[in-house]
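Subject: Structure handover

Hello,

Here is the structure we talked about. Please open it alongside this email. My notes follow below.

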Amino acid sequence: ANTITSPMMMAVTSVAGEVCNDLINQEGPVGSQRIFKNMSFTANALPSSSDLNDAITRLALSCWNRQDTSSERQLLLDMIYTSVGTTEAMASRKAALLMCTSMLSSLDALVN
């Protein structure tokens, strides 16, 4: 199939969300994480910009097999800051899930 359909993208996003949720559950406590370093998933505040940037870089290498660009990084950060309240309940976990699902369900991830 050389075409992309809406149902296919919905299915990809659904699977990506489940995979990302599993990843977050397996990451463990702060200090032992591999992708979302220094992010406490029970925190009611967004992680620092530095921690979000680092996670984006690690996810880009894992999902896309390449470094992220500055424009991709900014789009992801804008999406997080727009969608997740800075002091929302479990804001850190929501930011990580949104970031991971978006990146894993992207066309670059599908190509790889």
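First, the ground rules. This is a predicted model, where local features need pLDDT of at least 70, side-chain atom pairs count only at pLDDT 80 or more, and totals for chains, interfaces and linings use all residues. Residues are numbered from 1 along each chain as its sequence is written, and side-chain values use heavy atoms, with hydrogens and water left out. Helices are DSSP runs (H or I, at least four residues), numbered from the N terminus.

**α1 with α4**

Helix α1 covers residues 6–27. Helix α4 covers residues 91–104. Their axes come within 8 Å and cross at roughly 135 degrees. Axes are lines fitted to C-alpha atoms, for helices over the stretch in contact, and the angles run from 0 to 180 degrees between N-to-C directions. The pair is therefore oblique. For that term, angles under 35 degrees count as roughly parallel, over 145 as roughly antiparallel, 65 to 115 as roughly perpendicular, and the rest as oblique. The crossing of α1 and α4 is right-handed. That is the clockwise case; left-handed means the near helix is turned anticlockwise from the far one by less than a right angle.

By class, the α1 and α4 contact has 9 nonpolar, 5 polar and 1 charged residues. Ala, Val, Leu, Ile, Met, Phe, Trp, Tyr, Cys and Pro count as nonpolar, Asp, Glu, Lys and Arg as charged, and the others, Gly among them, as polar.

Is Thr 101 buried or exposed? Thr 101 is buried, at a relative accessible area of 14%. Buried means under 20% relative accessible area, exposed over 50%, and partly exposed in between (1.4 Å probe, protein chains only). Leaving aside neighbours within four places in sequence, Thr 101 contacts Thr 13, Ala 16, Gly 17 and Cys 20. The Thr 101 side chain also reaches the backbone oxygen of Leu 97 at 2.8 Å. That is a polar contact: a pair of N or O atoms within 3.5 Å; within protein, one must be able to donate a hydrogen and the other to accept it, and residues adjacent in sequence count only if both atoms are side-chain atoms.

Arg 93 is also in helix α4. Arg 93 counts as buried, at 19% relative accessibility. Beyond four places in sequence, Arg 93 is in contact with Asn 21, Ile 24, Asn 25 and Phe 41. Arg 93 and Thr 42 are 51 residues apart in sequence, yet 6.8 Å apart C-alpha to C-alpha.

**α2 with α3**

Helix α2 (residues 49–64) and helix α3 (residues 70–83) have axes that come within 11 Å and cross at roughly 120 degrees. They are therefore oblique to each other. The crossing of α2 and α3 is right-handed. From α2, the contact uses Ser 49, Leu 52, Asn 53, Ile 56, Thr 57 and Trp 64. From α3, it uses Glu 72, Arg 73, Leu 76, Leu 77, Ile 80 and Tyr 81. The classes are 7 nonpolar, 3 polar and 2 charged residues.

**α3 with α4**

The axes of α3 and α4 come within 10 Å and cross at roughly 140 degrees. That makes α3 oblique to α4. Here too the crossing is right-handed. Leu 76, Met 79, Ile 80 and Ser 83 of α3 meet Ala 95, Leu 98, Met 99, Ser 102 and Met 103 of α4. This contact has 7 nonpolar, 2 polar and no charged residues.

**Loops**

Most residues other than glycine have a negative phi. Asn 38, in the loop between α1 and α2, has a positive phi near 65 degrees. Asn 65, in the loop between α2 and α3, has a positive phi of about 60 degrees. Asn 65 counts as exposed, at 57% relative accessibility.

Ser 48 is in the loop between α1 and α2. Ser 48 is partly exposed, at 36%. A polar atom of the Ser 48 side chain lies 3.1 Å from the backbone nitrogen of Asp 51.

Best wishes

Terms used. Helices (H or I, at least four residues) and strands (E, at least two) are DSSP runs, numbered from the N terminus. Contact means heavy atoms within 4.5 Å.
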